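Please read the following report alongside the sequence and the 3D view. It goes through a few local features one at a time.

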Amino acid sequence: MSLLNRILKPGGNFGWSVLDASPDGLFGVSVMSSRETGGKPGVVSCGAVTDESLDVHSLVRLAKSIAVADCPWAMPLDRKAYTILVIEEPSVRQDEMEQSVRWAISTLIDFPIAEAAVAWMNIPTAKLLPNRPPHIYVVATRREIVDANRELFKQAKLSLKAIDIQESAHRNIAARVAKPGEGVALLSVGKRGVQLTVTFQGELYLDRHVDETIFGDAVDAAAKERVLERIVLQVQRSLDFIGRTLPFIDISRLVLAPMPGESDLRERIATNLSVPVESLDLGKVFDFTRTPDLLREENQANYFVALGSALRFSDKTA
């Protein structure tokens, strides 16, 4: 299985170390599955390198502070480094699937398909909406990006086992906070933009991304107000879309991920939605006993993607 295919097919290990390279620096965690059935996964270490860009030196420096022996590494891509698409699932044999997917998206991406690394996953509607043609999520990135990351970890003498994406990090956390039979709308608003996902029974059904932020010194009051209005509208439209097209998904609340600063976003959304808005405390998802700094909301926001990406294992045993 290629590094990119492991985006959507996690599992097999009891712990992962993750590097998330953001505009504010490098943020990394090592997370291990619980030794108790149903227990919270433990964050055994976390660390950041905020004064350097990603290169071998900064990666080694981060690894020294968070690495766990024999723990494989994963790395989520920056949202601008890949394209995520929804297409009708090709009606072909499994051994013809990749060729068919590549042909289907060849006119939908802005670089030659020959230069693309591609992965996909099903959107499971066959049993619940049998009259609807099945669709799949397709992730495409430039192969040179995957190769460059592989080489970077190789030079740092680290075992990179998976390339990840922002949406699957969301999905992994949503699966941990979902109530039985509940669809989870999870919204994260950070310095890299806005990400909304809808997850049901551990599967991703909808994603929306807004490449704007309400945080940062360069964001003036007018720009912030415009983005806030856009976020509220996007949430409304997305939940309406789910209600119309995927009526089997019961969304009874919107879960708002930790934010890196103060905002009245929760109150604004709650005023405009018919479902309650709940703030997510990652301390209810993870055991932060060994990393108490992550009890702070601002730090949870900074490490949100890394933490979600690290939930790539089965908790059936330790």
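## A parallel pair and its sheet

Strand β9 (residues 183-190) and strand β12 (residues 254-256) run in the parallel sense where they pair, and three bridges join them; two strands are said to pair if DSSP finds at least two bridges between them. Strands here are DSSP runs of E with at least two residues, helices are runs of H or I with at least four residues, and both are numbered from the N terminus. Leu187 stands opposite Leu256, a residue of β12.

This pair belongs to an open sheet of five strands with mixed pairing, ordered β11-β10-β9-β12-β13. At its edges lie β11 (203-210) and β13 (277-279), each of which pairs on one side only. From one strand to the next the twist averages 20°. Helix α6 (residues 265-272) packs on the sheet and touches β9, β12 and β13, and its direction makes about 160° with that of β13. For such angles, axes are lines fitted to C-alpha atoms, for helices over the stretch in contact, and the values run from 0 to 180 degrees between N-to-C directions; contact means heavy atoms within 4.5 Å.

## How the model is read

This is a predicted model, in which local features need pLDDT of at least 70 and side-chain atom pairs count only at pLDDT 80 or more, while totals for chains, interfaces and linings use all residues. Residues are numbered from 1 along each chain as its sequence is written, and side-chain values use heavy atoms, with hydrogens and water left out.

Leu307 lies in helix α8 (residues 304-310) and counts as buried because its relative accessibility is 0%, where buried means under 20% relative accessible area, exposed means over 50%, and partly exposed is in between (1.4 Å probe, protein chains only). Leaving aside residues up to four places away in sequence, Leu307 touches Val29, Val31, Val43, Leu282, Phe286 and Phe288.

Helix α4 (residues 166-177) has 12 residues and reaches 17 Å from its first C-alpha to its last, close to the 16 Å expected at 1.5 Å a residue; the expected span is 1.5 Å times one less than the number of residues. This helix is mostly covered, with 10 of its 12 residues buried, among them His170, Arg171 and Ile173.

## Cysteines without a bond

A disulfide is a covalent bond between the sulfur atoms of two cysteines. With the rule that a pair of cysteine sulfur atoms must be within 2.5 Å, the count comes to zero disulfides. For Cys46, the closest cysteine sulfur is that of Cys71, and because the distance is 14 Å, it is too far for a bond. Cys46 is partly exposed at 23% relative accessibility, whereas Cys71 is buried with a relative accessible area of 9%.

## Two loop residues with positive phi

Which residue in the loop between α1 (56-66) and β4 (73-76) is considered here? That residue is Asp70, whose phi is near 65°, a positive value in a residue other than glycine; Asp70 is exposed, with a relative accessible area of 82%.

Gln201, found in the loop between β10 (193-200) and β11, has a positive phi of about 50° although it is not a glycine. With a relative accessible area of 65%, Gln201 is exposed.
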